Amino acid sequence: MKRTEALDIVKESITSVIPDADFTAVGPDDPFRDALEMDSLDFLSFVETLSERTGIRIDDEDTPQLTTLSASTDFLVARSK
């Protein structure tokens, strides 16, 4: 999976949970939970959606790697190999 594809999947997964997510207000290394006002249930839904869309298993210990757009993208690229 290429970085551009992975980033699109991350953004689509966030948008499925937070439909009005404004990514212009979120830098690549900014924690998007705070910027997009995601609560714990929203974040869990994002992780589940990300896993479903990619077919990549995401365990609880992986979630700290899914806090920024850049880190989430890196995670998907690494796991897709």
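This is a predicted model: local features need pLDDT of at least 70, side-chain atom pairs count only at pLDDT 80 or more; totals for chains, interfaces and linings use all residues.
**Figure 1. The surface and overall build of the protein chain.** In secondary structure, the protein chain has 4 helices and 0 strands, which gives the pattern α-α-α-α along the sequence. Taken along the principal axes, the box filled by the C-alpha atoms is roughly 30 × 25 × 20 Å. A compact globule of 81 residues would have a radius of gyration near 12 Å, so the 11 Å of the protein chain agrees with that expectation. Of the 81 residues, 41% count as buried. Among contacts with a separation of 6 or more, 56% join residues 24 or more positions apart.

**Figure 2. A look into the largest nonpolar core.** This core holds 23 residues, and those touching the most other members are Ile-14, Phe-32, Leu-36, Phe-46, Leu-50, Leu-66 and Leu-76. At least two core residues come from each of α1 (3-17), α3 (40-54) and α4 (69-79). With 5 residues, α1 gives the most to this core. Zooming in on Leu-36, and setting aside residues up to four places away in sequence, we find that Leu-36 touches Ile-14, Ile-18, Ala-21, Asp-22, Phe-23 and Val-26.

Figure 3. Val-17 has its place in helix α1. Beyond residues up to four places away in sequence, Val-17 touches Asp-42, Ser-45 and Phe-46. Phe-46 is also one of the core residues that touch the most other members. For a sense of scale, the C-alpha atoms of Val-17 and Met-38 are separated by 8.8 Å, although these residues are 21 apart along the chain.

**Figure 4. Glu-37 in the loop between α2 and α3.** This view settles on Glu-37, in the loop that runs between α2 (32-35) and α3. Is Glu-37 buried or exposed? Glu-37 counts as exposed because its relative accessible area is 69%, and the cut-off for exposed is over 50%. The backbone deserves a glance too: phi of Glu-37 is near 55°, a positive value in a residue other than glycine. Most residues other than glycine have a negative phi.

**Figure 5. Ser-72 and the buried residues of α4.** Helix α4 is where Ser-72 is found. Ser-72 counts as buried because its relative accessibility is 0%. Apart from neighbours within four places in sequence, Ser-72 is in contact with Val-10, Phe-32, Phe-46, Gln-65, Leu-66 and Thr-67. The buried residues in α4 are Leu-69, Ser-70, Ser-72, Thr-73, Phe-75, Leu-76 and Val-77. Which helices do the buried residues of α4 pack against? They pack against α1, α2 and α3.

Figure 6. With a relative accessible area of 23%, Asp-59 is partly exposed. Residues under 20% would count as buried. The C-alpha atoms of Asp-59 and Val-47 are separated by 9.4 Å, and the two residues are 12 apart along the chain.

Terms used:
Residues are numbered from 1 along each chain as its sequence is written. Side-chain values use heavy atoms; hydrogens and water are left out. The radius of gyration is taken over C-alpha atoms; the globule rule is 2.2 Å times the number of residues to the power 0.38. Buried means under 20% relative accessible area, exposed over 50%, partly exposed in between (1.4 Å probe, protein chains only). Contact means heavy atoms within 4.5 Å. A nonpolar core is a set of buried Ala, Val, Leu, Ile, Met, Phe, Trp, Tyr and Cys residues joined through side-chain atoms within 4.5 Å.
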